[in-house]
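Reader: I would like to learn how to read a few local features of a protein model, taking them one at a time. Could we begin once the structure is in view?

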Amino acid sequence: MATTEELNKRYEPKEIEGRLYEFWEKGEFFKPLLDAERPKFSIVIPPPNVTGRLHIGHALVNTLQDIIVRWKRMSGFNTLWLPGTDHAGIATQMIVERELAKEGIARLDLGREKFVERVWEWKESYGHQIIDQLKRLGSSADWTRLRFTLDEGLAHAVRTAFVKLYDDGLIYRGIAMVNWCPHCRTAISDVEVEYEERASKIYHIDYPVADSDRVLTIATTRPETMLGDTALAVHPDDDRYKDVIGREAILPIANRRIPIVADPILVDPEFGTGVVKVTPAHDKNDYEAGKRNNLEQLQVIDEAGKMTEAAGAEFAGLDRFEARKKVIAMLRDSGALRDVKDYTHSIGIHGKCETIIEPMISRQWFVKIEPLAKPAIEAVRNGTIQIIPQSWEATYFNWMENIHDWTISRQLWWGHRIPAFHCANGHTTVAIEDPTTCPTCGSAEITQETDVLDTWFSSGLWPFSTMGWPDDTPDLKIFYPTDVLITGFDILFFWVARMIMFGLRFTGKAPFSQVFLNGLVRDEHGAKMSKTKGNVIDPLDVIDEFGADAVRFTLAIFASGRDIPLAKARMQGYAAFANKIWNASRFAMMHIDTTLSSAKPIDRDSMKTVERWILSRLNHTTRDVNKALSAYRFDEASNAIYQFFWHEFCDWYIEMVKPVLLGRHGTPEDQQRAKRVLLEVLDRSLRLLHPFMPFITDEIWQKLGGIEPSVMVAPYPVPEETLEDEEAERMVRAVQAMITTVRDARARRGFTPKDRFRLYVRAEGRDAAFFDAYGYLLTDLARLNEVIVNAEPPEGVHHDVVEGFTIAIEFPEKVVTKEQQERTERELEKSRKELESLDAKLVNEQFMNNAPPAIVQGARARQAELRARIEKLMQNQ
């Protein structure tokens, strides 16, 4: 008879993970079939930056994707998880520039062509690292389809999309106020600007009204920009200033005359002094006011954040913040600085380099966004796309309904170069293929636009460009649209919204039907992880320490869609779970004498109550896990399988079945059936667990001798009505409760597990027959010397009612020592404190509204348990 292979004594993740992953790749288990007849499931990876190292956020989002992918693959879907990396324009260019600086070389010294060559060399040397790290996590993506946002196919897609939008009048080139990063020397879009509250100063400055003794006082946080003032503005209905409208003011320091204009949009007469300085070249609101009032645009800060000649000879070449100090000093010396106050306000920062953004007028390329945004809004409103958690939909609508045109040009060298070509006579051609002459005038003097596209432009095409669009490829026919997108909420606007807009525009279909937005991983106290705080958890370090399965399971069991407070101790706890799985499987395999492929079907009619109970509980768990995964409740799915395997299977079933397996109880037929049921439960449990903990489950499952070469291509368990058995669950629940009651009573009265007593059980009919037949379970697990059914217990015994059954425990007389009394009092105090804390939590409205249902349910169960425990402890005093 074929038997299962034995497991090693210890579970060693490092020994199995690399070997198994290589086996999966060689077996091409991650690769779908090009079969349009089979039900498909497809998902694209949020492409990590090619510069990246796996961080805990990557670990979370890729774990969640892999759970869904493995679940769908095992559930019979033709499953594609399409991977790739992003060229990450600014980030990659900055890294290579730093590498060149170590060699004493500047980017400008190399020139564009040579610099881009060096970036490609860097990418070929280091760009694979993030992929290798995702493999260590267990990601089962189809690496044969690996894409890069600058590869040839995607470059063609980007050009095609750009030309289509341009031809449709949705891309234009114009002069506008943009967010400028002086460090990176490029424009960035509105969503790339991060805002920080910072302590600063607000400066009150007097501007004399020309040809009078009057002064007008303005307030500014950026006094260096006053050198570019071309007007003062007041509200036309403000009686205080009606007499100065149309006159001129003298600009301090520059001694330049500037007009005083009326502007009801720019000026709020109730705010401050009611007078506003207008700097059209360096403030977005002032820029619009300048256009309304025909004001000069005087640029006094350049692309490097230094003052221009227009700022005056004494300021030209100074850094903008050095110029600020000098302006303040000169204003103070001249008496024009009326007041300085502390002021906290929001400042725009470029997240890539932490540089303060400079609003600047610049010639850029823009996408006219409103015609793209409207269909994308409607797709979410009408349910074509569902955002999970649903609370994010309001945020999505608010942003999309107030969206501004998208600045898509970047003054960089690394990226998709804009396919626009300018001839010597001033004509511009936008084309997919590079023209050799100008189509308008025939000039051969033609040069390509130097700007590149915003990285998010190419990323916005990701769901369909990676499948071959604009060509009508087999992948595009079978796997597009994709089914779900799993990503962080922090890129809802950067990426998700743009994919929706582009998908609808270019394919006529929403790129996915569901979006699951996961929370941020924070430290155990809820603080954001950062290197400066020293609270960062490096996923590669914890994979080395605890194994990939423990890391994955920890992330999954906390993934409810909210932020995750994470501590390494949690991973240590789930590493213990992995050991539990290993040891329980090892025990089972020592007693199982057949393989999955040779095992005969279970004769369900002959099964005993305990066997019917475990299969019923496993069936409940199977239903709960499938339901939770369908709703992306990774926390509920993980918790369901954890509770079943550790508590019901290991703590109870294995202990209950040991007497039969070891031949202490039952017939040889009972023993063979117990072995077969044990194999069945272990097999189904490993398959349920596989999406969460792929390495350990496949290592064990393969040794069970199944038909399939790997558990990852075995069928995922589905609930079966025939396995439901409420009667078996009721009776085993009663046995468990009696065992627990006896154990608690023994401990309360100061007896040790060696002390054995009689248990009297009152039951009727079939229930009485059950306790007669299964008394050995109570005797073994509650450490009793006898179970007596329906006999009258003697006087003075301990009575209780458990799961509707009256029981009596016959304890011998024993004096309670002072030490035992003190221990009882300590336990009482501890239990009361915990109960007090739980009572407060369960009346806290914020906790009840925000905590996952499983957490609330667990807290209530613990509350009831503590109340019962306190009552029993008090009886023992």
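Reader: Which residue just after H19 takes a positive phi?

Author: Bearing in mind that this is a predicted model, the residue is Tyr-632, which takes a positive phi of about 60° just after H19.

Reader: Is H19 mostly covered or mostly uncovered?

Author: A general point comes first: an α-helix has 3.6 residues a turn, so residues three or four places apart point the same way. In the present case H19 is mostly covered, with 17 of its 22 residues buried.

Reader: How many aromatic pairs does the structure hold?

Author: The structure holds 47 aromatic pairs, and one of them joins Phe-553 to Phe-692 in an edge-to-face arrangement, with 6.2 Å from centre to centre and 70° between the planes. Phe-553 belongs to helix H17 whereas Phe-692 sits in the loop between helix H21 and helix H22, so this pair ties together parts that are 139 residues apart in sequence. Phe-553 counts as buried at 0% relative accessibility, and Phe-692 counts as buried at 1%.

Another edge-to-face pair is formed by Tyr-574 and Tyr-642, with 5.6 Å between the centres and 75° between the planes. That pair links helix H18, which holds Tyr-574, to helix H20, which holds Tyr-642, the two residues being 68 apart. Tyr-574 is buried, with a relative accessible area of 14%, and Tyr-642 counts as buried at 15%.

Reader: Which charged residue sits over the ring of Phe-148?

Author: The charged end of Lys-123 sits there, 4.3 Å from the centre of the Phe-148 ring. In a further contact between a charge and a ring, Arg-107 lies over the face of Trp-413, at 4.5 Å from the ring centre.

Reader: What is the order of strands in the open sheet of 4 strands?

Author: As a general idea, strands of a sheet pair through backbone hydrogen bonds, either parallel or antiparallel. Here the order is E6-E5-E15-E17, with antiparallel pairing. Strands E6 and E17 stand at the edges with a single partner strand each, so one side of each is left without a neighbour in the sheet. E17 is joined to strand E15 by 2 bridges, and Val-367 stands opposite Trp-406 in E17. Trp-406 also belongs to a cluster linked by ring pairs, whose members include Phe-162, Tyr-166 and Trp-365.

How values were computed
Residues numbered from 1 in each chain as written. Predicted model: local features only at pLDDT ≥ 70, side-chain atom pairs only at ≥ 80, totals over all residues. Heavy atoms only, no water. Phe/Tyr/Trp six-rings, centres within 6.5 Å; stacked < 30°, edge-to-face > 60°. Buried < 20%, exposed > 50% of the residue type's maximum accessible area, 1.4 Å probe, protein only. Lys NZ or Arg CZ within 6 Å of the ring centre and 35° of its normal. Pairing = 2+ DSSP bridges.
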